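Subject: The model, and what turned up in it

Hi there,

Here is the structure I promised to pass on.

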Amino acid sequence: MDVERVADDVGNPGRLVHIERPEDWAACSECGVISTSVRQRRTTRPRDLPYGQETLGVRWHKRQFACKEVLCARKAFTESIAEIPPRARVTGRLCRAVARQVASGRSVAAVSREYTVGWPLVHRHFAACADALLIEPEAPRVLGIDETRRGRPKWIKSEVIGRWARTELFEINFVDLSGSGALLGQAAGRTGKAVVDWLNARGEDWRSQVRFVAIDPAACYRTVIRQALPHATIVVDHFHLVALANKALTGVRQRVTREHRGRRGRATDPEWANRRRLLRGRERLSERTFTRMWNDLIDHEPTGQILTAWVAKEELRALLACAREQAPRSVSLTGCFGSCRGAPIPASAS
Ligand SMILES: [Zn+2]
């Protein structure tokens, strides 16, 4: 950076630094051909670090050159220096300083207030510094892939079609399920492409070490994972299996109410009053609560379908617990499928 002159900032206690490039030429940013033909001059005022107690104003006197190369699509270009890249409104020095401050443990908001620069700018420069320091996570034997929604859904009116549309931001999380359960990485969106891009960025050797991939059964990732990790076995994680069992149980409860009462559930219906207890794990119900729920349903639901669905859900949970403790599978599978098969519930309805 060539400082042309330093002057007192008229009307301010601080100093003013004028910057100019000494060369009378610049290379075109598009084609690299050198030009000496100045078209116009502009002065910008990028923000900089303070000088001790005083403020330091920067005036960057930059020139726009004409590109004389006939094959170049760009007719004009503006010169830049490493400390003040094109369109930058702060100096590189200030960016590095705010990133160091956040890295030392201060919050992004506090640093952005102190230096009176925007929160996104501080965060962006800190993230860029942190990315350079991050080490590549080791490949897990069991990789978990799941999505989470960021924030609340927003309704945005489309200018083109004039309709309101619900927009949601999703993030895909990659977790080590065989080791510490650590978060290995995140990708924006909820598409198969985002999953493949993240996996491809890890490299061939990393991917070859993954033996199992646990996913949400409703997700659209199965096809892309088969292609990206052809040697890995795809499994459904326990959380989502139990979520499906709970959904089926709720479906049975609602159907039974419709069939027997000819309407939707109400607070006075015992099965509706117990709707949340039915979804809770057996071990999380006290003996008193469990007995009340059980007797309510025995007394007021003559078909026994809701309790049967509840038993099937609990047996599925017990089976999954066995898998975690590596108990003999045949015993527990027989119990679970036995109660599902003998249930007086039409398969399509449950
Ligand atoms: Zn050019």
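Below are my notes, going from the whole chain down to single residues.

Please keep in mind that this is a predicted model: local features need pLDDT of at least 70, side-chain atom pairs count only at pLDDT 80 or more, and totals for chains, interfaces and linings use all residues. Residues are numbered from 1 along each chain as its sequence is written.

**The chain as a whole**

The protein chain has twelve helices and twelve strands. Both are DSSP runs numbered from the N terminus, with helices being H or I over at least four residues and strands being E over at least two. Of the 350 residues in the protein chain, 17% are buried. Here a residue is buried if 20 or more other C-beta atoms lie within 10 Å of its own, exposed if 12 or fewer, and partly exposed in between, with C-beta atoms placed from the backbone. Among contacts with a separation of 6 or more, 52% are between residues 24 or more positions apart; two residues are in contact if their C-beta atoms, placed from the backbone, lie within 7 Å.

**Strand 6 and its partners**

Strand 6 (residues 56–66) pairs in the parallel sense with strand 2 (residues 15–19) over five bridges; strands count as paired if DSSP finds at least two bridges between them. Arg15 has Leu56 in strand 6 as its bridge partner. Strand 5 (residues 38–44) runs antiparallel to strand 6, and six bridges join them. Thr43 stands opposite His61 there. Strand 7 (residues 76–78) also pairs with strand 6 in the antiparallel sense, over three bridges, and Phe77 in strand 7 stands opposite Phe65.

**Two crossing helices**

Helix 1 (residues 92–103) and helix 3 (residues 119–133) pack at about 75 degrees, with axes 8 Å apart. Axes are lines fitted to C-alpha atoms, for helices over the stretch in contact, and angles run from 0 to 180 degrees between N-to-C directions. Helix 1 is therefore roughly perpendicular to helix 3, the label for 65 to 115 degrees (under 35 counts as roughly parallel, over 145 as roughly antiparallel, and the rest as oblique). In the contact, Cys95, Val98, Ala99, Val102 and Ala103 of helix 1 meet Val122, His125, Phe126 and Cys129 of helix 3.

**The open sheet and the core**

Five strands form an open sheet with mixed pairing, in the order 10-9-8-11-12. Its edge strands, each pairing on one side only, are strand 10 and strand 12 (233–236). On average, neighbouring strands of this sheet are turned by 25 degrees against each other, direction ignored. Strand 9 and strand 10 pair in the antiparallel sense over five bridges, with Ala188 in strand 10 as the bridge partner of Glu171. Helix 4 packs on the sheet and touches strand 8, strand 9 and strand 10.

The largest nonpolar core has 17 residues. Such a core is a set of buried Ala, Val, Leu, Ile, Met, Phe, Trp, Tyr and Cys residues joined through C-beta atoms within 7 Å. Strand 8 (142–157), strand 9 (164–176), strand 10 (183–188), helix 4 (192–202), strand 11 (212–215) and helix 6 (222–228) each supply at least two residues of this core. Apart from it lies another core of twelve residues, among them Val252, Leu278, Ile306 and Trp310.

Ile145 lies in strand 8, and it counts as buried because it has 23 C-beta neighbours inside 10 Å. Not counting residues up to four places away in sequence, Ile145 touches Ile172, Phe174, Val195, Val213, Ile215 and Tyr221. Tyr221 is 76 residues from Ile145 along the chain, yet their C-alpha atoms are separated by 8.8 Å.

**Helix 7**

The buried residues of helix 7 are Ala245, Leu249, Val252, Arg253, Val256 and Thr257. Gly262, with a positive phi near 70 degrees, follows helix 7.

**Two loop residues to look at**

Most residues other than glycine have a negative phi. Arg87, in the loop between strand 7 and helix 1, has a positive phi near 70 degrees. Thr116, in the loop between helix 2 (108–114) and helix 3, has a positive phi of about 45 degrees. Arg87 is exposed, because 8 other C-beta atoms lie within 10 Å; Thr116 counts as exposed too, with 7 C-beta neighbours inside 10 Å.

Best wishes
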